[in-house]
Amino acid sequence: MAEGESGRMDPELPVVRLCVAGMQAEAEGRADAARELFQQAWDGARDDYEACIAAHYLARHQDSAEQTLRWNQECLDRADRVGDARVQGFYPSLYINMGNAHRELGQRAAAHRYFVLAAERAADAPEGQYGDWNRFAVAEGLRETAAATAVEGDEAAAARGGVREEAEGPLRELFARWCGRGDLKALGLTLPAYLGFLGTDEDRVRLRSALHMVHAARWLPDDEQTVLEDAMGALAAR
């Protein structure tokens, strides 16, 4: 759930109106007013659905990582109690928020488990920029927390840590070069697939296809064509 998701809620609900006003206060830099509006939304919530919405926004205005986790957990618990189509699209970002909260507390293995859950529910997020934001946030969380699960021996979860190591290095080298000279075509074709990579076979095919398009166009220098081939070969290996 995020700002873009508010438009999919009933705008006539008092809780939603308060949260929209709170977001406007946030945008204007009035943090105290925003928190008060979100608190009013929580105090006025009439059921678990409305409490889920209010708790999400209250979590953003806490003074400690522990309280942020507490309110994100409250939000997730309320969504679980609702358990119907109204909250289905919330789950990717609810799990992202839980992952981020645990990561902020240094609990990387717990964080990774929530990012894996978020990856499993990524398709539930609405399509468009909001859905893209969710995928990028999940992929980033998976990459940054995978090492914790590897240390614990959870190989299945650690495998959701992002692009294979053999491909990661060549790709980052290419991205750095393309950024350096402003090759927007190459970046535009490949970055979305890379940034949204969640470790599935579908994601692997999407990334390889994007890289292949750049390779087939043959506008890159020869040495970059070679690096690109190496990355494609690493992605093809299982």
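Is tryptophan 178 buried or exposed? With a relative accessibility of 0%, tryptophan 178 counts as buried, where buried means under 20% relative accessible area, exposed over 50% and partly exposed in between (1.4 Å probe, protein chains only). Welcome to a predicted model, in which local features need pLDDT of at least 70 and side-chain atom pairs count only at pLDDT 80 or more, while totals for chains, interfaces and linings use all residues. Residues are numbered from 1 along each chain as its sequence is written, and side-chain values use heavy atoms, with hydrogens and water left out.

**The overall picture**

- The protein has 13 helices and 0 strands; helices (H or I, at least four residues) and strands (E, at least two) are DSSP runs, numbered from the N terminus.
- Read from the N terminus on, the elements run α-α-α-α-α-α-α-α-α-α-α-α-α.
- Along the principal axes, the C-alpha atoms fill a box of roughly 65 × 40 × 30 Å.
- The protein has 238 residues, and 49% of them count as buried.
- Of the contacts between residues at least 6 apart in sequence, 61% join residues at least 24 apart; a contact means heavy atoms within 4.5 Å.

**Aromatic rings**

- There are 7 aromatic pairs in the structure. Rings of Phe, Tyr and Trp (its six-membered ring) pair if their centres lie within 6.5 Å, and planes under 30 degrees apart count as stacked, over 60 as edge-to-face and the rest as tilted.
- One of the pairs is tilted: tyrosine 91 and tyrosine 95 sit 5.6 Å apart, centre to centre, with 45 degrees between their planes.
- Tyrosine 91 and tyrosine 95 are 4 residues apart in helix H6 (residues 91-104), so about one helical turn separates them.
- Tyrosine 91 is buried at 7% relative accessibility, and tyrosine 95 is buried too, at 12%.
- Another pair is edge-to-face: phenylalanine 175 and tryptophan 178 are 5.9 Å apart, centre to centre, and their planes make an angle of 65 degrees.
- Phenylalanine 175 and tryptophan 178 lie 3 residues apart in helix H10 (residues 165-181), so about one helical turn lies between them.
- Phenylalanine 175 has a relative accessible area of 8%, so phenylalanine 175 is buried.
- Tyr91, Tyr95 and Tyr114 are linked into a cluster by ring pairs.

**Charges over rings**

- Arginine 70 lies over the face of tryptophan 71, 4.2 Å from the ring centre. For a charge to sit over a ring, NZ of Lys or CZ of Arg must be within 6 Å of the ring centre and within 35 degrees of the ring normal.
- Lysine 185 lies over the face of tryptophan 219, at 4.1 Å from the ring centre.

**How helices pack**

- Two packed helices are described by the angle between their axes and the distance between the axes.
- The axes of helix H4 (residues 65-82) and H6 come within 9 Å and cross at roughly 155 degrees; axes are lines fitted to C-alpha atoms, for helices over the stretch in contact, and angles run from 0 to 180 degrees between N-to-C directions.
- H4 and H6 are therefore roughly antiparallel. Angles under 35 degrees count as roughly parallel, over 145 as roughly antiparallel, 65 to 115 as roughly perpendicular and the rest as oblique.
- Residues making this contact include Leu69, Leu76 and Ala79 of H4 and Tyr91, Tyr95 and Met98 of H6.
- Helix H11 (residues 184-195) and helix H12 (residues 201-217) have axes that come within 8 Å and cross at roughly 170 degrees, which makes H11 roughly antiparallel to H12.
- Among the residues in the contact of H11 and H12 are Leu189 and Tyr194 of H11, together with Leu207, Leu211 and Val214 of H12.

**Single residues to look up**

- Leucine 228 is in helix H13 and counts as buried at 0% relative accessibility.
- Leucine 228 and leucine 211 are 17 residues apart in sequence, and their C-alpha atoms are 7.2 Å apart in space.
- Leaving aside neighbours within four places in sequence, leucine 228 touches Leu174, Leu211, Val214, His215 and Leu220.
- Arginine 218 lies in the loop between H12 and helix H13 (222-236), and counts as exposed at 55% relative accessibility.
- Phi of arginine 218 is near 60 degrees, a positive value in a residue other than glycine.
- Valine 20 belongs to helix H1 (residues 14-27) and is partly exposed, with a relative accessible area of 40%.
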